[in-house]
Amino acid sequence: MREKMTTSTKTGHLRVMIIEDNPLIALDLQLQIEDFGHVFAGRHARSSSVVEGVAATGPDVALVDLYLADGRTGALVVHELNKIGVPSIVVSGELRHHIELPEAIAVLEKPVDAGLLEAALEKVAQNLQAHSPNPTRDK
């Protein structure tokens with residue numbers, strides 16, 4: 001059973017897209033990101049729908065499984081998201097088969113450790129804040 005997380009990111013809420021073909025894993029990830037204070041920005045099970053989904057929902061980051069409903073296409077998704085400026089965090093049980101993914105912010109193995117996922121999302125939030133035209137500064 002999953003424990004409810006009570007912490008949230010120090011730098012703000014992210015819109016997080018989940019690219020995962022297993023609905024139970026996707027739901028668990030969704031609940032975790034919401035527990036961290038972030039916003040769920042949709043789920044895609046196939047690589048073919050991701051780019052349109054990004055255009056429709058405008059996520060800040062995507063959690064990407066390497067093995068999707070249309071095969072081992074997650075690495076391609078990470079590459080495509082990078083080209084359009086959406087950072088990725090790989091969350092996969094297929095890491096033994098993974099190729100190098102330098103474009104990913106982090107590569108996490110399933111079952112994902114909530115602390116590692118939260119830290120990876122925090123890193124994305126800090127990067128976005130640092131690159132925003134008017135970053136909010138702690139006073």
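**Figure 1. Strand β1 and its burial in the predicted model.** Four of the five residues of strand β1 (residues 15-19) are buried, so this strand is largely enclosed by the rest of the structure. Here buried denotes under 20% relative accessible area, exposed over 50%, and partly exposed the range in between, with a 1.4 Å probe and protein chains only. Helices (H or I, at least four residues) and strands (E, at least two) are DSSP runs numbered from the N terminus. The structure is a predicted model, in which local features need pLDDT of at least 70 and side-chain atom pairs count only at pLDDT 80 or more, while totals for chains, interfaces and linings use all residues. Residues are numbered from 1 along each chain as its sequence is written, and side-chain values use heavy atoms, with hydrogens and water left out.

Figure 2. Strand β1 pairs in the parallel sense with strand β2 (residues 39-44) over four bridges; two strands count as paired if DSSP finds at least two bridges between them. Within this pairing, Val16 has Phe40 of β2 as its bridge partner. Strand β1 also pairs in the parallel sense with strand β3 (residues 61-64), over four bridges, and there Ile18 has Leu63 of β3 as its bridge partner. Together with helix α1 (residues 23-35), β1 and β2 form a right-handed β-α-β unit. Right-handed means that, with the strands pointing away from the viewer, the path from the first strand over the helix to the second runs clockwise.

Figure 3. The open sheet has five strands in the order β2-β1-β3-β4-β5, with parallel pairing. Strands β2 and β5 are the edge strands, each pairing on one side only. On average, neighbouring strands of this sheet are turned by 20 degrees against each other, direction ignored. Axes are lines fitted to C-alpha atoms, for helices over the stretch in contact, and angles run from 0 to 180 degrees between N-to-C directions. Strands β3 and β4 run parallel and are joined by three bridges, with Leu63 standing opposite Ile89 in β4. Helix α2 packs on the sheet and touches β1 and β2, its direction making about 160 degrees with that of β1. Helix α3 likewise packs on the sheet, touching β1, β3, β4 and β5, and its direction makes about 170 degrees with that of β3. Contact means heavy atoms within 4.5 Å.

**Figure 4. The buried side of helix α3.** Gly74, Val77, Val78 and Leu81 are buried in helix α3 (residues 74-83). These residues cover an arc of only 100 degrees around the axis, which puts them on the same side of α3; the arc is that of the directions from the helix axis to the C-beta atoms. An α-helix has 3.6 residues a turn, so residues three or four places apart point the same way. The buried residues of α3 pack against β1, α2 (50-57), β3, β4 (88-92) and β5 (104-109). Just after α3, Gly85 adopts a positive phi of about 85 degrees.

Figure 5. Glu103 is located in the loop between β4 and β5 and counts as partly exposed at 27% relative accessibility. Not counting residues up to four places away in sequence, Glu103 touches Val78, His79 and Asn82. The C-alpha atoms of Glu103 and His79 are separated by 6.8 Å, although the two residues are 24 residues apart along the chain. The side chains of Glu103 and Asn82 make a polar contact (3.4 Å). A polar contact is a pair of N or O atoms within 3.5 Å; within protein, one must be able to donate a hydrogen and the other to accept it, and residues adjacent in sequence count only if both atoms are side-chain atoms.

Figure 6. Ser92 is found in strand β4 and is buried, with a relative accessible area of 0%. The side chain of Ser92 makes a polar contact with that of Asp65 (3.1 Å). Leaving aside neighbours within four places in sequence, Ser92 is in contact with Asp65, Leu66, Leu108, Glu109 and Lys110.

**Figure 7. Asp28 in helix α1, with the chain as context.** Asp28 lies in helix α1 and counts as partly exposed at 28% relative accessibility. Asp28 and Val112 are 84 residues apart in sequence, and their C-alpha atoms are 9.9 Å apart in space. The chain comprises four helices and five strands, following the pattern β-α-β-α-β-α-β-β-α along the sequence. Buried residues make up 43% of its 139 residues.
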